[in-house]
Amino acid sequence: MDDTPKLHRADPTPSGSGEISESEPGPEKAAAATQEAARTDVPVSATGPSSPATQAKFKIDVLLKATGDAPIMKKKKWAVDPTKKIGWVIEFIRKYIKAEPSESLFLYVNQSFAPAPDIDIGTVYDCFGSDGKLVLHYCRTQAWG
């Protein structure tokens, strides 16, 4: 059986943009969350968009772009669980482009710095995501930073 990690392509929205959008809770949802928190003695902050239940459903659009001599991926946009680590994405790219174990693979955010492999994708997205997606550049030789 194939042990290659699987990512899911982002499903197109009704607008056809292909982006997954996570809307902010409206006044009705906020009021319902406050009422539910009062009934269950759970703090209001635990029922917001950053709660574990919401994060389990939420995927981050990650756009993977080749840089330098790296092979170009046919699928560039992937929906990734925000709890996955940068190291997991590096290993996914390595397997997808069929890189040798001895080959180096570098991953960059904003064409400037390499994030630590143990950082969550969600954290990187919160700090550096824009337009509803996180753009990561990968290459076989050191390019930036």
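1. Of the 145 residues in the protein chain, 30% are buried (buried means under 20% relative accessible area, exposed over 50%, and partly exposed in between, with a 1.4 Å probe and protein chains only). The chain exposes about 9100 Å², and carbon and sulfur atoms supply 54% of this area (Shrake-Rupley method with a 1.4 Å probe).

2. The model is predicted: local features need pLDDT of at least 70, side-chain atom pairs count only at pLDDT 80 or more, and totals for chains, interfaces and linings use all residues. Residues are numbered from 1 along each chain as its sequence is written, and side-chain values use heavy atoms, with hydrogens and water left out.

3. The order of elements from the N terminus is α-α-β-β-α-β-α-β. Among contacts with a separation of 6 or more, 65% join residues 24 or more positions apart (contact means heavy atoms within 4.5 Å).

4. The four strands make an open sheet of mixed pairing, in the order β2-β1-β4-β3; two strands pair if DSSP finds at least two bridges between them. Because β2 (77-80) and β3 (106-109) stand at the edges with a single partner strand each, one side of each has no neighbour in the sheet. On average, neighbouring strands are turned by 35 degrees against each other, direction ignored. β1 (residues 60-66) pairs with β2 in the antiparallel sense over four bridges, and Ile 60 stands opposite Val 80 in β2.

5. Two helices lie across β1, β2, β3 and β4: α3 (residues 86-96) runs at about 125 degrees to β3, whereas α4 (residues 121-128) runs at about 110 degrees to β4. The axes are lines fitted to C-alpha atoms, for helices over the stretch in contact, and angles run from 0 to 180 degrees between N-to-C directions.

6. Five aromatic pairs are found in the whole structure (rings of Phe, Tyr and Trp, the last by its six-membered ring, pair if their centres lie within 6.5 Å; planes under 30 degrees apart count as stacked, over 60 as edge-to-face and the rest as tilted). One of them is the edge-to-face pair of Trp 78 and Phe 92, at 5.2 Å centre to centre with 75 degrees between the planes. This pair links distant parts of the chain, Trp 78 being in strand β2 and Phe 92 in helix α3, 14 residues apart. Trp 78 is buried at a relative accessible area of 4%, as is Phe 92 at 3%.

7. Phe 92 also forms a tilted pair with Tyr 96, at 5.9 Å centre to centre and 35 degrees between the planes. The two residues are four apart in helix α3, so about one helical turn separates them. Tyr 96 is partly exposed, with a relative accessible area of 29%.

8. Ring pairs join Trp 78, Trp 88, Phe 92 and Tyr 96 into a cluster. The charged end of Lys 84 sits over the ring of Trp 88, 4.7 Å from its centre; the criterion is NZ of Lys or CZ of Arg within 6 Å of the ring centre and within 35 degrees of the ring normal.

9. Asn 110 is partly exposed at 44% relative accessibility. Asp 131, in the loop between α4 and β4, likewise has a positive phi, near 55 degrees, and is exposed with a relative accessible area of 63%.
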